[in-house]
Structure formats: structure tokens, C-alpha cells
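Thank you all for coming.

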Amino acid sequence: MTESTNLPFRFRFRVRYGECDAQSVVFNARYADYVDISVNEYIRVLFGDYQNLLDQDLDIQVVSLTVNYRAPARFDDVLETRIRAGRIGNTSFTVHLEFYRYGDGLLVAEADITYVLIQPSTMTKTPVPDAIRKTLEEGAPGVLISHAGEQVQDC
């Protein structure tokens, strides 16, 4: 196993000016956006186009989001989200995210988001199918998606 496959799924993005507050740091509420865009990239890697879930009459809804702030992030910082599956229950699952400042590896924030799986046709929760459970458990180790525009050197 190579070093990169030991790493969890990673998503990089750059902090934009409008995401910062009067103290010149990322405004706390923006982390919910960061969780959302990061998990969307993770879901896309795991399941392909989101429409693939909807075509199975499956969707996810947020039931809990907790964020713990560790250090400030500032305009133009590149943040790297590292994502791993957390608890996978009968009808819900949790995803754990860690946000690091790319370059120096400073842990900026951690988040846990819990989703309930529903059938959109009835708007009722439904058990997590075995195939989805397996995919969530396996995750996407070693995968890196970047929207930051940073230069990456191939090793």
C-alpha cells in the first residue's frame, strides 16, 4: 500500500475574501458551507453523479452538524478537508471531517455531520442498503480532489 492510499479522501479549496469576517478570519457559519461542498465531492467520488442516488429513490438529509474550531483560517489559505466515515447506523450515517491548512498542516477545524437516508417519493427514512453501507465503510482512501488551483508536483 502506498503512502497516499493510507490517507483518507482529501478535498482542497481556497478561502475566498467574501468568506472572511471583520476579524479577517473565516466567518464561523462558512464552515457549514465547507462541510457541504466537501461532502458533496466525497459523495461524488463514492457514488458518481448524485442523480445515481436519486434514481434509486434515495436521498440524504442532514440531522446533525457539529463543528469544533481549532485555529483561524484566513483569506487565500488553501484548506484540505480529510474525510472518513463515522458511525453507520440502520437509517443514518455520520461523516467525520478535519480541515487542515495546506502547506503547514495546521488543524483548523473538525466537524461531524449526520445524515438520514430517505426515500424522496415518500419523504420517509429508509434503511441504508448493504451496497451503500459497504461503499461508505470503504471510503475513498488516497483520492485527492482540488479546487484550490495550487501547483501539485507528481512524485
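Predicted model: local features only at pLDDT ≥ 70, side-chain atom pairs only at ≥ 80, totals over all residues.

Let me begin with the salt bridges, of which there are ten, where a salt bridge is a side-chain nitrogen of Lys or Arg within 4 Å of a carboxyl oxygen of Asp or Glu. Residues are numbered from 1 along each chain as its sequence is written, and side-chain values use heavy atoms, with hydrogens and water left out.

One of these salt bridges joins the side chains of Glu80 and Arg12, at 2.7 Å from N to O. Because Glu80 lies in strand β3 and Arg12 in strand β1, this pair ties together parts that are 68 residues apart in sequence; strands here are DSSP runs of E with at least two residues, helices are runs of H or I with at least four, and both are numbered from the N terminus. Glu80 and Arg12 are both buried, a word that stands for under 20% relative accessible area, with exposed meaning over 50% and partly exposed in between, using a 1.4 Å probe and protein chains only.

Glu80, whose relative accessible area is 4%, also meets Arg82 in a salt bridge, at 2.9 Å from N to O, and Arg82 is partly exposed at 24%. Which residues make up the network of salt bridges here? They are Arg10, Arg12, Glu80 and Arg82. Arg10 is found in strand β1 and counts as buried, at 10% relative accessibility. If we leave aside neighbours within four places in sequence, Arg10 is in contact (heavy atoms within 4.5 Å) with residues including Glu80, Thr81, Arg82 and Gly142.

Arg82 also lies over the face of Tyr100, at 4.1 Å from the ring centre, the rule being that NZ of Lys or CZ of Arg is within 6 Å of the ring centre and within 35 degrees of the ring normal.

That brings me to the rings, where the structure holds nine aromatic pairs. Rings of Phe, Tyr and Trp (its six-membered ring) pair if their centres lie within 6.5 Å, and planes under 30 degrees apart count as stacked, over 60 as edge-to-face and the rest as tilted. A cluster linked by ring pairs contains Phe11, Phe13, Tyr31, Tyr34, Tyr69 and Phe99. Tyr31 and Tyr34 are three residues apart in helix α2, so about one helical turn separates them, and Tyr31 is buried at 3% relative accessible area, as is Tyr34 at 1%. Tyr31 and Tyr69 form an edge-to-face pair, 5.3 Å centre to centre with 70 degrees between the planes, and this pair links distant parts of the chain, with Tyr31 in helix α2 and Tyr69 in strand β2.

Finally, the largest nonpolar core has 35 residues, of which Tyr34, Val39, Val95, Leu97 and Phe99 touch the most other members. Such a core is a set of buried Ala, Val, Leu, Ile, Met, Phe, Trp, Tyr and Cys residues joined through side-chain atoms within 4.5 Å. Helix α2 gives the most to this core, with eight residues.
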